[in-house]
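Trainee: Could we go through this model together? I'd like to know what stands behind each label we use.

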Amino acid sequence: SSLSSLGQWQREIENCTDMNVCRYYDTGAKADTGRALIRRYEWYFPGYENRVDSMKFDVLITTSDTFMQDVDILLKVPWLSICVDEGQRLRSSKSRILEILKPIKSVFKLLFTSNPAQNNTRELYSLLHFCDPDVFYSDRAFMKEYGDIRTKAQFESLQKNVSPYMLRRVKEDVEKSIPPLEETVIFVELTQMQKKQ
């Protein structure tokens, strides 16, 4: 998640569940020391230090940068699920954060993104492969089938295969009080300088 949304995510989880949330983030010259304190006091019960089979928290919220800095520590945690805000950062198969997240084992993966593929099937494959590598295991097969969509049948097949993995929300479905878009067109004459160009 981005630094600016960590508090928001924490509030939402705490308001909607009874899960124990740990915000794993620290800044400044002694950031490593700060995160070590968080691990010592918010991760482990007394007498169970460094035992990943009995963690104090249910949910760990952190930034991508912090995750990349402490990946060796975080890889040892047996994650039940991984939720990635700003999932569009995983679209490129060469993305550094994607390469770091790939080896993490979890039962469930969830990506939040406002723009999953932007008409690029290779990027879509990258996201799908991250979420379910058992189903989307072959880049070559996926691109052979959907890399160059030319028919309605291909498009419908792609939609059918992708639909179990995507939930699309639009503003009208989420917030009913948003007024309809109103467009005002104002015609303005060109200035003399613009007319010369």
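**Labels and their cut-offs**

Mentor: Let's start with E156, which counts as partly exposed because its relative accessibility is 41%, and partly exposed covers what falls between buried (under 20% relative accessible area) and exposed (over 50%), with a 1.4 Å probe and protein chains only. Keep in mind that this is a predicted model, where local features need pLDDT of at least 70, side-chain atom pairs count only at pLDDT 80 or more, and totals for chains, interfaces and linings use all residues. Residues are numbered from 1 along each chain as its sequence is written, and side-chain values use heavy atoms, with hydrogens and water left out.

Trainee: What makes K152 and E156 a salt bridge?

Mentor: Their closest N and O atoms are 3.8 Å apart. A salt bridge needs a side-chain nitrogen of Lys or Arg within 4 Å of a carboxyl oxygen of Asp or Glu, so this pair qualifies. Both residues lie in helix α8 (residues 152-162), 4 residues apart, about one turn of the helix. Helices here are DSSP runs (H or I, at least four residues), strands are too (E, at least two), and numbering starts from the N terminus.

Trainee: How many salt bridges does a search of the whole structure find?

Mentor: The search turns up 8. One of them joins the side chains of D70 and R35 at 2.7 Å, N to O. That pair links distant parts of the chain, 35 residues apart: D70 sits in the loop between α3 (64-69) and α4 (71-74), R35 in helix α2 (residues 31-43). Both D70 and R35 are buried.

Trainee: And what are the labels for D139 and R122?

Mentor: D139 has a relative accessible area of 31%, so it is partly exposed. R122 is partly exposed too, at 44%. Their side chains meet in a salt bridge at 3.2 Å, N to O. Here the link runs from helix α7 (residues 139-146), which holds D139, to helix α6 (residues 121-131), which holds R122, 17 residues apart.

Trainee: Why is Q10 called buried?

Mentor: Its relative accessible area is 14%, and buried means under 20%, so Q10 qualifies. Q10 is found in helix α1 (residues 6-16). Leaving aside neighbours within four places in sequence, Q10 is in contact (heavy atoms within 4.5 Å) with V21, R23 and I61.

Trainee: How do you know that β3 and β4 pair?

Mentor: Strands pair if DSSP finds at least two bridges between them. Strand β3 (residues 81-84) and strand β4 (residues 108-111) have 4 bridges, in the parallel sense. V84, for instance, has L111 as its bridge partner in β4. From β3 the chain crosses through helix α5 (residues 96-101) to β4, a right-handed β-α-β crossover: with the strands pointing away from the viewer, the path from the first strand over the helix to the second runs clockwise.

Trainee: Which residues form the covered face of β3, and which the uncovered one?

Mentor: I82 and V84 are on the covered face, S81 and C83 on the uncovered one.

Trainee: One more: why is F108 called partly exposed?

Mentor: F108, found in strand β4, has 45% relative accessibility, so it counts as partly exposed.
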